[in-house]
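Please have the structure open as you read along.

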Amino acid sequence: MATREGSLEAPKRHSIDWKNLDFYNETSLNQEMERVFDICHGCRRCVNLCTAFPRLFDLIDESASGELDSVNKQQFWEVVDRCYLCDMCFMTKCPYVPPHEWNIDFPHLMLRAKAVKYKKQGAGFRDELLSSTDLMGKLATIPVVVQAVNAMNNTPAVRKIMDSTLGIHADRKLPEYTADKFRANAKPNDSFPVKDGARTPGKVAIYATCYVNYNEPGIGHDLLKILEHNEIPARLVEKEACCGMPKLELGDLDAVEKLKNENIPHLLKLAQDGYAILSAVPSCTLMYKQELPLMFPHDAAVQAVAAAMFDPFEYLALRNQDNLLKTDFKKPLGNVAYHIPCHQRVQNFGKKTRDILQLVPDTIVNTVERCSGHDGTWGVKSEHFADSMKIGRPVFKQMAASNPDYISSDCAIAARHIEQGIGESKAQKLHPLTLLRLAYDPDAPHKPAISDDQPGSHTPSPGEKQMTTTLTRENLLTLEAYAKIRKDFRAQMMAHKKTRKVPLGENITLIFEDALTIRYQIQEMLHVERIFQEAEIVHELETYTPLIPDGHNWKATMMIEYADPVVRAAKLATLVGIEDKVWVKVAGHAPVYAIADEDLERENSEKTSSVHFLRFELTPAMIQALHQNATLSMGVDHPAYQAAIDPIAADVRASLLNDLATA
């Protein structure tokens, strides 16, 4: 047997012989696992990559002989279940990968084991559910249903039930679903002339992916804006289904083939027509560039699609090499902590996202190139959650070490995992495509990456964008559905309102409204008054939605409060005109006084009202200054009542910043 390590030749992956009956022979599989595990035992270079290898080595070290031969073969499945097919052992550590004669491809051996297990016993309800991303997305984003799903995913009591019954860990932050799906709202622009480069086709088709379509449509919209800014004609793939990666990780290779047969004909036509096909989720891109070609090596259509498939930043970097990428950036990004996800690293095109972001002036990109430990669904599962956080701990520390303005990863799921691992931070989580769009056009209204316009969605954390400027009938729950979540939603709303209140002295409070507070007010009105007639619901929407800020202003309810009715009446008589004397001030700019009571007059010559509705209009320069950490103060300047807060509390400032368009 050979003893040399490594090879002077590039690593090579063999095709996956999954149509061969011997592929599913458990005896043959066990023999191959014994061969590979014994080599891994003698090497142990991959011990720090994930928990699959430490578990293997523990099984060996704790066995009777201290060697693999005394390990119970049934325990091999403990290693298999811990592998989430990140491919990092093959790509970065193992010296015995093909063309080395030992021919070690640990991830694809684990894939074979998962396929054997699935063929033999199938999968449980949870795993089938989590791997059916397209079906889940379609069901979860039905109007009204989406509101209930998001509410349940953010309700601690429900999450505990999901943990005990489904095995989805109660502490894992889950992505929200949106009713405003990407494909239904995307506006691709294909009007530009095609400018092919030496390395790049001059026209693009977007394969949206389940995640962008159902969870974070803002990523797709930002990609379209970037293409439009660079005058690259773009369109959407005519029809698409899940790429099949979740089913691959489950071992359900027949389902992978079925999805391949749905997708490839539409993608092939685009490839043949000279389009670059872009997918903004690294796992989906990898599926078409590597896994499907290895599963179907003789399928010319699959190979053609693979050749046309690009990661967005891979495409933009090649476009830059062709001198066809615009670099007219208007906004520096400051300090960006950027994580390269495993399934992008496996594609072997280098650190292209980092390279493009570093083109933005006055931008520092601190790059972390290590597995975050989440994977698509692996880190969601109760039995793997603790391990996923443990694997990610070095990444969390490295990402937080530079005190960044932004944390970012091409894998949106990894970014959320990292954000959860870091905990409290000033950093805002934004996808690299959103950062690039922001650098190009800081004045464009920001379309949130996740849908924040659903009842029961989580309370925004500092730095998290939560700007919705309107509500529609679809955003409201039925009376019955609202009654089920009302208690938890009210508790959440009270917590949210704590970051929306500004006391001005002892007797005046400003309560700043947003889509969430107004939605709550409408839902409570419908609930208390038992309103279910469509015309009356529309009337409530028309009454309250003007109180939602539009991205360039703040809107607040002003409460004048004196406990004693006699004192209150006397004070209101002295405070005539006070609503016009309330101000907000951005450091370096003049105070902005409120525009009050636009719907109706709430005072007369004898007294003012105890409730007023105020609007504060901010200039673009003020908004930009706030996004650049300018301090914010507020006050009231009336002969009979004066008060000021300078500066306002950090959590309130962060919450109010979410109401403003990205500057």
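Let's begin with strand E17, where the bridge partner of Asp 637 is Gln 642. This is a predicted model, in which local features need pLDDT of at least 70 and side-chain atom pairs count only at pLDDT 80 or more, while totals for chains, interfaces and linings use all residues. Residues are numbered from 1 along each chain as its sequence is written, and side-chain values use heavy atoms, leaving out hydrogens and water.

Helices (H or I, at least four residues) and strands (E, at least two) are DSSP runs numbered from the N terminus; two strands pair if DSSP finds at least two bridges between them. E17 belongs to an open sheet of four strands, ordered E13-E12-E16-E17 with antiparallel pairing. Strands E13 (592-593) and E17 (641-645) stand at the edges with a single partner strand each, so one side of each is left without a neighbour in the sheet.

Within E7, Tyr 406 stands opposite Val 336, and its bridge partner in E8 is Gln 428.

The pairings compare as follows.

| Strand pair | Bridges | Direction |
|---|---|---|
| E16 (residues 632-638) and E17 | five bridges | antiparallel |
| E5 (residues 334-339) and E7 | four bridges | parallel |
| E7 and E8 (residues 428-429) | two bridges | parallel |
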